[in-house]
Amino acid sequence: MLNNKTIGSLLARIANRDKDALAELWRGAGKGIYSFILSYMDDRQLAEDVLQETFISIYKGAMGFRPGTNARAWIFTIARNNIVTMLRKRRESIQRNDEMAAIADERHMEETIGERDEVNRLLETMDETSKRIVILHAVSGMKHRETAAILGIPVGTVYRRYSESMKRLKAAFEGNNRGGRENE
Amino acid sequence: MNNRKIIEHIKDCRSHVPDERLFQGVLAEIGRYEQTTARKESPRRRFILKPAVLFMIIGLLVFSSLAVTAVVNDDIREYLVSIFGGNPSSVTGERVEATAESGGIVLDMDAVVAEGDSLFMLYKLLDKERNVIKDTASIDSCSVTVDGDSSFSSTRNSIIINGQENYMALQFDQPKKGRRNVTFSIESLRVPDDAATLTVAAGTEALVPDGNPGIIIDSVTLKNNRIRAEFTIRDESAYKMGYDIHVRNTLTGRTFNQKAEETSIDTQGNTKKIVWYSDELDGGAATEYVLVVPIDRIITLESPLEVSFDADFSRKPVKVIKPNGVHVLTAQVDTVKVYQLSIVAEITDKAPADDNKEGSPVRVGSENDIPFYERDPSSEGVHGQRMRIFYEDGEEADMISSSTTTIGNNRYRFYAILYGALDYSRKPVLVIGDASIPLY
C-alpha cells in the first residue's frame, strides 16, 4: 500500500488530469481499496462497480484534495461514501447482519484447511466494524488514526476494538487447535 | 500464533487484486466525462505541500510534549524480569540492602522505585524450613509508612513464592518529594489450606461451611450463562477466601474464571458482602457446574517482619503531556504524567457533576440489575471510564492495576501501575474511554 506522501503526490498529478498517475494509484492502492470494499459486500460485481466509481470520483475530485492532509484517508473515505451510496441504491443495510450471518453459517459448514482458512473463518465471526478495523490495518496498512477517520469512529475505539479483535482471534485459534482446556 | 502471523493470514485471505480490465473501464468512463463536460481553461493550480505539521480530517489535535530527564540511580530491571519475565527497557531505581527475620522467615528488601505518588518495592520472603510458606503465600496484614505517614490510596502485590522475588506497589494520597524514610512491616500472612477448599454445587443457598462460620455462601445461581455467587463475610481472623475462585463443569472438566466482583461493607464495618460473577460458561444445566472456593489460613507472625530504608521521591516523570482539546466524554484531559512504572492522567469535567462518586463504595447488584460489567461504560460517567495503553501493533500494555479517584470538584485522577517501562519504539497510545493520547 502506498504511503501518504506518495498518494498525495499522485493526487496532485491527477488533479492536473494525469492519467498515468491514476494508473499508478490503481496499481499501488487498488488492492487495498478493493479489499476494503469487499469487507462491506460479498457481491463481487457490486464491489467492482464501487471500485470503478471510486477511482472515477478520485479523478473528478482530486482538485478538491487539500495538500498536506491525510491522502490515504481521503481516498478511502471516497470509497466508503461510494459503498454507502451503492448499498442505499440497492436498499440494503450496511450491517446486513442477517445476510452475513447466513453467509457465515454456510462458511462454517465448509471444511477449513490450514491456518489461513481458520483465520478467515474466525474473522467472519466478528462484528462488522471490528472486522473492517482489522482488515484496514492488515491489508491496507492503515494507521489507527486513519481508520478512525475513514470509519467515522473515535480513535480510542479503534485501538480498543483492534486489540480486542486480535486477542479474540488468537484465543479462538489457539482454543480450536488445543480442543478446549485440560480437565482438573 | 502471534499477531504478526495472524496479520499475514488476514492479508492472504482478505487481499483481493482487482481485474486490470476494470481500470480500462474507469479510463473509458473518464474519457466520456471529459468529452461531455464543458471545461473552462484555467491556470493550473500549484499545490504546495505544507511541511512539518500534519492535520487530521477528524479534527485538530495538537499535543505539547515535554520530555523530562529522570534522575539516574541504578538499573533495577533484573528484579522486574525475575517476577514478570520478558525483556523490558531499563528501569532506574535504588538498590536497598535491608533484612529482617521472624520465626524462621527472612525478608530481604532488594530495590525500590519511588516516583510521583507511587512506591514500588521489590523484595523476597524465604521460609527456610517451609514451616509456614510451603510454596506460596500472600501478605495478609502489613503497613508501609513514609516518614510516619501511612495514608495511601491503593496497593497491589504479587502472590509470594517462597524465596523468589515479589513486588508491592503503593499509591499515596499526596505526592512526596525528596529523600524520605520508608518502613515496611509484615504482621501476618495467608497460606493456602487445600483441605478447607469449598466445592459448592450451583443452586446452593445459605451454606455455612463446617469449621468456618466466618464465611457464608448465600447463593450460587446460574443466570445468563454465568455463575453468580453471593457471600457474606463476618469474620476473617482465621480464614479468608482465596484469590482463585472459579467454576468447574463436572462433565467436561473445563474451568471458568472470574469475570467480575463487587464488594460492599456495612456501615459498622463488620460484615462484608461479595457478589462474584464467572466468565461465560459453555451452556448446559446448573447441575453440571460447581463453584470452587479456595480457602487461605491466616498466620500471625511471632513478631512483625520490619525493614527500614531511605527512598528518593524526587524522581521526575519520563514525560509530561498537556493535550489540547482531548476529552473523555465531557471532561477535558489536563495532564498526563508518564513515569517508568506508573501513569497518571488528571481530568476536569466542565459539565455539572451528576456522577460524583467520591468515597462511595461499589454497590452490590441484585439479580434484577444489569451486572456492572455489562453496563454501557458511557452510562457510568467520566469516573467509570477505563484507562488502557495500546501499542500501534495492537498489543495492549499490561497493567498491574488501574484506578480512578475523585480529587476535587469535577476533577479526576486516572492512575495505573505498569508491569514495566513502556516500549516507546512501538508507539504506545493512552486510551481512556474513547479518547486517545499518544505517549511517544
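Me: Is Thr271(B) buried or exposed in this model?
Reply: Happy to start here! This is a predicted model, where local features need pLDDT of at least 70, side-chain atom pairs count only at pLDDT 80 or more, and totals for chains, interfaces and linings use all residues. Residues are numbered from 1 along each chain as its sequence is written, chains are lettered from A in the order in which they are written, and side-chain values use heavy atoms, with hydrogens and water left out. Buried means under 20% relative accessible area, exposed over 50%, and partly exposed in between (1.4 Å probe, protein chains only). Thr271(B) has a relative accessible area of 17%, so the residue is buried.

Me: How many helices does chain A have?
Reply: Let's read along the sequence: chain A follows the pattern α-α-α-α-α-α-α-α-α. There are zero strands in chain A, and the number of helices is nine.

Me: How many residues of helix α8 (residues 144–151) of chain A are buried?
Reply: The buried residues of α8(A) include His144(A), Arg145(A), Glu146(A) and Leu151(A). This helix is largely enclosed by the rest of the structure, because the number of its residues that are buried is eight of the eight.

Me: Which residue just after α8(A) takes a positive phi?
Reply: Look just past the end of the helix. The phi there is about 70°, and the residue is Gly152(A).

Me: How many residues of chain A are in contact with chain B?
Reply: Chain B and chain A bury about 6,000 Å² between them, 62% of it on carbon and sulfur atoms. Buried area is the accessible area (1.4 Å probe) that two parts lose on being put together, summed over both. On the chain B side, 62 residues take part in the contact, and the number from chain A is 67.

Me: Which residue of chain B forms a salt bridge with Glu164(A)?
Reply: A salt bridge is a side-chain nitrogen of Lys or Arg within 4 Å of a carboxyl oxygen of Asp or Glu. The rule finds six of them across the interface of chain B and chain A. For Glu164(A), the closest N and O atoms are 2.8 Å apart, and the partner is Arg388(B).

Notes
Contact means heavy atoms within 4.5 Å. Helices (H or I, at least four residues) and strands (E, at least two) are DSSP runs, numbered from the N terminus.
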